[in-house]
Amino acid sequence: GLGKQDMKQQYLGASGMLLSGGAASSQTLGLANASGRLAFQLKDYRNAKAHFEQAKAVGLNMSDSFIFLAESNFQLNDIPSGLAAAEQAVKLEQAAGRPIPSSWIDRVESVLYKAKMGEEMGKWARLNVKNNPTKENWRNQMINYWDTVRDKTPKQTDSTKLDDNGTLDMSRLLRTTKSLGGETDYRALDE
């Protein structure tokens, strides 16, 4: 597998060693993590998830592996488990004093937005602004919030709707942060 760069064969070899029980217990973490990454690259998200969960059970502490676990869960439509894995990745990055890659946050926000999980999405949007306070991130957070409060889903309550003063405050904040993206944003605020 390695000489030919045959990912499928590499996966079968690493996962086979795990399944056979022939690998030393000290190798379980490395083999499970490698198997998870290979399965992920092969778009075999069920096996990727299983291997990353196995690695997690024996002490996985690699933030990017938790992101692969999160994405595997998202691909399997298990958003709560994906969110938990992404949160673990963020904790590991913060503990190491490293900045959180914006691509991670953007992906989680996208999944949460599509799932209409506004409250959770808001937490990640705030993290994105805190992590990287660009005008684009401010705009995205405000527009996502705006979409959430205008959403007509059953989850919406009267307390989440903006009155005229709230709309004015939103407009002022977007202008102050230079976050209005153009004509479309101005029209959306006028509605």
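**A helix and its surroundings**

A: Lysine 43 has a relative accessible area of 60%, so it is exposed. Here exposed means over 50% relative accessible area, buried means under 20%, and partly exposed lies in between (1.4 Å probe, protein chains only). The model is predicted: local features need pLDDT of at least 70, side-chain atom pairs count only at pLDDT 80 or more, and totals for chains, interfaces and linings use all residues. Residues are numbered from 1 along each chain as its sequence is written, and side-chain values use heavy atoms, with hydrogens and water left out.

Lysine 43 sits in the loop between α2 and α3. Its phi is positive, about 65 degrees, although lysine 43 is not a glycine. The labels come from DSSP runs, numbered from the N terminus: helices are H or I with at least four residues, and strands are E with at least two.

Now the helix itself. Helix α3 has 13 residues, 45-57. At 1.5 Å a residue it should span 18 Å, and its end C-alpha atoms are 18 Å apart, which agrees. The expected span is 1.5 Å times one less than the number of residues.

Which residues of α3 are buried? They are Tyr45, Ala48, His51, Phe52 and Ala55. Seen down the axis of α3, the buried residues fall within an arc of 125 degrees, so they line one face of the helix. The arc is taken from the directions that run from the helix axis to the C-beta atoms. The face turned away from the buried side of α3 carries the exposed residues Arg46 and Ala57.

What covers the buried residues of α3? The cover includes α1 (7-20), α2 (28-41) and α4 (63-75). Beyond the end of the helix, α3 is followed by glycine 59, and the phi of glycine 59 is positive, near 110 degrees.

Next, the packing. Two packed helices are described by the angle between their axes and the distance between the axes. The axes of α3 and α4 come within 9 Å and cross at roughly 140 degrees. That makes α3 oblique to α4. The axes are lines fitted to C-alpha atoms, for helices over the stretch in contact, and angles run from 0 to 180 degrees between N-to-C directions. Angles under 35 degrees count as roughly parallel, over 145 as roughly antiparallel, 65 to 115 as roughly perpendicular, and the rest as oblique. α3 passes α4 in a left-handed crossing. Left-handed means that the near helix is turned anticlockwise from the far one by less than a right angle; clockwise is right-handed.

Who meets whom? From α3 come Tyr45, Ala48, Lys49, Phe52, Glu53 and Lys56. They meet Ser65, Phe66, Phe68, Leu69, Ser72, Asn73 and Gln75 in α4.

Stay with α4. Isoleucine 67 lies in this helix, α4. At 18% relative accessibility, isoleucine 67 counts as buried. Not counting residues up to four places away in sequence, isoleucine 67 touches Ala86, Ala89 and Trp104; contact means heavy atoms within 4.5 Å. The C-alpha atoms of isoleucine 67 and valine 90 are separated by 9.0 Å, and these residues are 23 residues apart along the chain.

Asparagine 77 is in the loop between α4 and α5 (79-95). Asparagine 77 has a relative accessible area of 62%, so it is exposed. Phi of asparagine 77 is near 65 degrees, a positive value in a residue other than glycine.
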